[in-house]
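Biologist: I have the model open. Can you walk me through it, piece by piece?

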Amino acid sequence: MDTLLSKVMGSLLVKTYIDEAISGDELQRTTSPVSISIPRAADLKTTARMFITDLKVPKIHYGTYLLCRTICLGTRQISVELAVEDEKGTPILLTIDNYPDLFQSGPADIDAIFPINTILAIREPCTRTPHADKDRHGWVRVESPSDVIICGPHSQLLYKLHASRFFAATLAWSHALELEPSSTKLLLNRSMAYLRLGWNTAALRDAKDVMASDGIDPLSLLQAQYRAGLAEYGLGRYSDAVNYLKNAKDSKCSDLLSRCASRLKESTAGKFDWHRMYCEGLDGSTNIDVAGFVGAIKVSPMSHRGGGRGVCATADVHAGDLLIVSKAFAITYPTQLKDQAEMKNALHVESKRIPTGASLMLSVIGSATARLYGCPEQINLVYNLFTGSQERLPTTYPPTVPSTTLLSSSSTPINLDINKIDGAVFKNSFQGSTVSAPSLAGANMINACVTFNTLPSMFNHSCFPNATWRLFGNVMVIRAVKDVKTGEEITLAYVSPAGDTRTRADSLREHLSVCDCELCKWDGIDGEAAWKVREEMEARNARSCSSESELHQLVKRLTDSYSSSGVFVRPHLVFMHDEAMQWYQERLYKDMRNVAYLKGFVHHALMALKSAGIRIIDDPLAGQQTSRTEFDLPIAKSPLPTNSATQEQCIFIITQLAVFVVGLRGILSGKRWFRAACYLHESTIGGGKALFEKRFKDPAKLQLMYLSLPFRWN
């Protein structure tokens, strides 16, 4: 095999090249266009060079680097796999994880960035050895893309660009700019490629450089203004985007100005088009065009949390109030993965185990890493999250964004700590599905995504929370479900309230050792005997009872497992009363005049709502109707159900109650209960009458007499 010495540079040039590489004179980065100072070892100027024969021990070789070249075309299994050799001619397999724009890539895409004879400097190489396959040789694994430095000229990139591989394009234009630094066309092209990658700060810098050029022609100026506006738009700085676009006479700029006006309205007033977001989420969009929004909340130290952080209200908050709209930092839905089977054995870097949804988690880690690779000014948004380590974190959030500068070919590469990124994603990711048409079968978790959102990660857990979250595509929406006073902590549930304090604690073991919420407190008081009864009843289906007497006994046994005092949120009873309600409903369809069945239906519907935490103001079974208008709700506006699936279930129940209550209390009562369903949907989802009807008209078989009602209440 020809060596790096003879095949690439010639014996007289190698030492000169290596010396220059170490001094930084010839290093040409292919990582981020932006630099940030992050303390870490492994600067090539201060590290020792190793050869492949020195990498026999399976460990991370701190304070060293490996200089090698690719000797054949790359491929991809889970990682990008490259065959490389050092300057002595010793070969080894190099695997690279989380490299920008190469997730689920093909050989041509890999070859665009790592063609044969590409010179690589691998910082702090990590040697791995096989465990079971004795015939397999060891390999070098790289988990952080900032540890891969491409050295020397890459002229092949100028001729091997893939239309959808914008990272390769940025490399080509970066090398071309070294030859012609003042080329506005190259800067404009690279700026657009950065925009396509979502690297907005770099795109903005290139656009500014074009606008600052001497003698710039009008068309280039217009293109630069548009790119600068797009970059500011992507950064969420809509007023700054307007400043670049307002004097540009172009249809694309006018369209972007209109979008800026919509985003400003969203970010300042919290006015969103929920119907559009719902439809786009259903269509599979993972880049819904909305602004971020932060309501009356802030991140503060929590003394009762052992000095940790949490989210508290900065003003009095009411149930249904919008608290946060947050676009995902990184997100993956199952439909985005081409082949999940090939990733099923991927090990999680930090946890050293295969996590739930390993393929999705691995993809999110890669996406988050790629984003930080090109947007290092955002590094502290991730590094300042809880990662599972004992490192002391700042008590406020979000962190101050550091100033950034463009890299030159001699700049020191940024350092991405893959363990921090991995830990932050693993400890703070949410799993859920986009809001869709409701189903009596419950939420469809088959198409559940893994989403990593930074600010929502600041909420602490409670099984009995005062806020809930929903997903519209890649957008997380958090609303209050209880009235919250100024200064009071706002919490989210990391797990379903179903089960008992023991089973929930098992699900929470990655986050906290014990939950001290009210629900867990009263579960503990009820004891293991009660838990066993609930577990047994969970396996029963009340709809299958052969008689009313059997149904009553089943409901009574489950009810008796709960203390008479304590929180009146009883997840198991919600389902039991729902099934009992359906038992009566099936018989009512056969005998609509049976008053006993009608009262049984209404009773269990009300008990299901009460078990979900809803307070009933006007009980249809409690004698004469109070003097109220059709716009007065029969339920209290606070609290709302503390679980999103239960919220959907309660809307279903109320729509059915609105139909059958007419037989007991008349049409006025039916209208009030129908409006209660509308109120609950608006307070947990939004979207007005149009979205409520779109979601529930067919599944809940909404009555025509109710669909014509004005969408309002007192």
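Biologist: What share of the contacts with a separation of 6 or more comes from residues 24 or more positions apart?
Modeller: In the protein chain that share is 70%. Contact means heavy atoms within 4.5 Å.

Biologist: What am I looking at, and how are things counted?
Modeller: This is a predicted model: local features need pLDDT of at least 70, side-chain atom pairs count only at pLDDT 80 or more, and totals for chains, interfaces and linings use all residues. Residues are numbered from 1 along each chain as its sequence is written, and side-chain values use heavy atoms, with hydrogens and water left out.

Biologist: How many helices and strands?
Modeller: The protein chain has 24 helices and 22 strands. Both are DSSP runs numbered from the N terminus: helices are H or I with at least four residues, strands are E with at least two.

Biologist: And what percentage of residues is buried?
Modeller: Of the 714 residues in the protein chain, 53% are buried. Buried means under 20% relative accessible area, exposed over 50%, partly exposed in between, with a 1.4 Å probe and protein chains only.

Biologist: Let's go to H19. What span should it have, and what does the model give?
Modeller: H19 covers residues 595–611, so 17 residues at 1.5 Å a residue should span 24 Å. Its end C-alpha atoms are 24 Å apart, which agrees. The expected span is 1.5 Å times one less than the number of residues.

Biologist: What caps its N-terminal end?
Modeller: Asn594 does. A side-chain oxygen of Asn594 lies 3.1 Å from the backbone nitrogen of Ala596. A polar contact is a pair of N or O atoms within 3.5 Å; within protein, one must be able to donate a hydrogen and the other to accept it, and residues adjacent in sequence count only if both atoms are side-chain atoms.

Biologist: What follows H19?
Modeller: Gly613, with a positive phi near 100 degrees.

Biologist: Which helices do the buried residues of H19 pack against?
Modeller: H17 (548–559), H18 (571–588), H20 (644–660), H21 (662–665) and H22 (667–684). The buried residues of H19 include Leu598, Phe601, His604 and Leu609.

Biologist: H22 again. Where does Arg675 sit, and is Arg675 buried or exposed?
Modeller: Arg675 is in helix H22. Arg675 counts as buried because its relative accessible area is 2%.

Biologist: What does its side chain reach?
Modeller: The side chain of Arg675 reaches the backbone oxygen of Arg712 at 2.9 Å. Leaving out residues up to four places away in sequence, Arg675 touches Glu630, Phe631, Leu633, Leu709, Pro710, Arg712 and Trp713.

Biologist: Which peptide bonds are cis here?
Modeller: Tyr397 to Pro398 is cis, with omega near 0 degrees. Pro398 lies in the loop between H12 (379–383) and S16 (405–406). Ser638 and Pro639 are also joined by a cis bond, omega about 0 degrees. Pro639 lies in the loop between H19 and H20.

Biologist: What about phi at Asn98 and Asn117?
Modeller: Asn98 has a positive phi near 65 degrees, and Asn117 has a positive phi of about 80 degrees. Asn98 lies between S6 (91–96) and H3 (107–113). Asn98 is buried, at 14% relative accessibility. Asn117 sits in the loop between H3 and S7 (119–123), and is partly exposed at 33%.

Biologist: Now sheets. What is the strand order in the open sheet of three strands?
Modeller: S15-S18-S17, with antiparallel pairing. The edge strands are S15 (330–332) and S17 (430–432), each pairing on one side only. Two strands pair if DSSP finds at least two bridges between them.

Biologist: How do S17 and S18 pair?
Modeller: In the antiparallel sense, over three bridges. Gly432 stands opposite Cys449 in S18.

Biologist: And the sheet of four strands?
Modeller: That open sheet runs S12-S13-S22-S19, with mixed pairing. S12 (297–302) and S19 (460–461) are its edge strands. S13 and S22 pair in the antiparallel sense over two bridges. Val311 stands opposite Ile490 in S22.
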